[in-house]
Amino acid sequence: MEIFTTKKNLTEYLEQLRKAGKKIGFVPTLGALHQGHLSLLAQSQQYCDVSICSIFVNPTQFNDPKDLEKYPRPIASDIEKLEQAGCDILFNPEVNEMYAANEQWHLDIGELEHLLEGKFRPGHYQGVTQVVFKLFDIVKPDMAFFGQKDYQQFLVIQKMVELLHLPVKLVMCPILREPDGLAMSSRNIHLSVEERRHALVLSKTLNWLKQHFNKSNIASLTNASEVMINAEPGVQLEYFEVVDGDSLHSADQQTKSIVALVAVKVGNTRLIDNIILVD
Ligand code: AMP
């Protein structure tokens with residue numbers, strides 16, 4: 001695997017590949033890689049000639065400085081995982097390679113960035129669009145792969161690509177889960193054994209909702225889901241919403257695609273999960 005830490009060296013290398021007609025697939029990450037990330041890479045390898053993964057803990061998308069500070073950064077084992085998975089290129093820049101001192105700007109992609117996660121993590125998606133815009137500008141991928149795990153993030157990036165006419169095809173990849181149902185996340189390592197057990201209420205509730213889902217009683221099913229989560233010790237609910245899968249507005253009987261999205265805090269660890277109820 002080729003490893004680059006500077007934009008200049010990476011763009012020169014990619015330019016050669018592009019000239020040779022190679023189709024470039026891109027998987028942006030914050031690192032602390034798990035099977036979920038590697039499943040995105042596998043998709044990229046399936047569709048593209050060359051796959052590039054980025055590992056960059058982007059400071060501008062963290063609204064909580066403590067969260068940024070304690071975000072795991074196991075770069076040596078990440079490199080090993082990528083090598084084993086047959087990744088072609090890793091881009092692993094330092095913060096000052098990606099941002100000039102005091103660089104301050106953001107894109108405004110409209111209301112999507114202010115709903116759900118946006119309410120609880122103000123400014124988060126402005127950091128996400130800022131860094132993904134920069135990464136797309138450097139890598140110029142033909143295709144980019146993102147997880148359904150961060151459902152709203154996908155919609156936000158899709159909106160940015162649409163508004164700026166960026167020439168990249170986005171692919172949403174399914175959520176990978178631990179055998180007991182917990183959605184894989186780099187943050188799961190912060191959970192104690194007990195907290196991890198409590199965290200299972202997320203996938204259990206989402207699966208229960210999917211099994212019982214019926215467009216005619218969305219309000220009562222949402223309410224019952226909230227009750228299930230609130231009944232779990234150590235779990236603090238931030239939101240549980242059943243929404244239109246495109247607009248993220250509340251779903252009703254007329255809504256075509258429907259998704260349930262949830263965010264909680266288990267101890268000090270913030271977890272999100274979701275399930276597609278109607279495709
Ligand atoms: P992150 O490093 O958390 O920013 O995640 C990088 C990419 O991996 C994002 O597109 C995530 O949606 C995706 N991802 C994270 N967790 C999972 C998972 N459990 N299954 C599939 N994709 C995931």
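What follows is a chat about a predicted model and the terms used to describe it.

Mentor: Ground rules first: the model is predicted, so local features need pLDDT of at least 70 and side-chain atom pairs count only at pLDDT 80 or more, while totals for chains, interfaces and linings use all residues. Residues are numbered from 1 along each chain as its sequence is written, and side-chain values use heavy atoms, with hydrogens and water left out.

Trainee: What makes a residue buried, and what percentage of the chain is buried?

Mentor: Buried means under 20% relative accessible area, exposed over 50%, and partly exposed in between, with a 1.4 Å probe and protein chains only. By that test, buried residues are 51% of the 279.

Trainee: What makes something a nonpolar core?

Mentor: You need buried Ala, Val, Leu, Ile, Met, Phe, Trp, Tyr and Cys residues joined through side-chain atoms within 4.5 Å. The largest such set here has 45 residues, and Leu 10, Ile 52, Phe 136, Ile 157, Leu 170 and Leu 248 touch the most other members. Helix 7 (residues 124-139) gives the most, 8 residues; helices are DSSP runs (H or I, at least four residues), strands likewise (E, at least two), numbered from the N terminus. The core draws at least three residues from each of domain 1 (2-173) and domain 2 (186-274), with bounds from an automatic or database domain assignment.

Trainee: Which residues does Ile 52 touch?

Mentor: Contact means heavy atoms within 4.5 Å. Leaving out residues up to four places away in sequence, Ile 52 touches Leu 10, Leu 14, Ile 24, Gly 25, Phe 26, Val 27, Ile 89, Phe 91 and Val 139.

Trainee: How do you know how much area is buried between domain 1 and domain 2?

Mentor: Buried area is the accessible area (1.4 Å probe) that two parts lose on being put together, summed over both. For these domains that is about 1900 Å², with 54% from carbon and sulfur atoms. Leu 116, Phe 120 and Tyr 151 supply 32% of the area domain 1 buries against domain 2, more than any other three residues.
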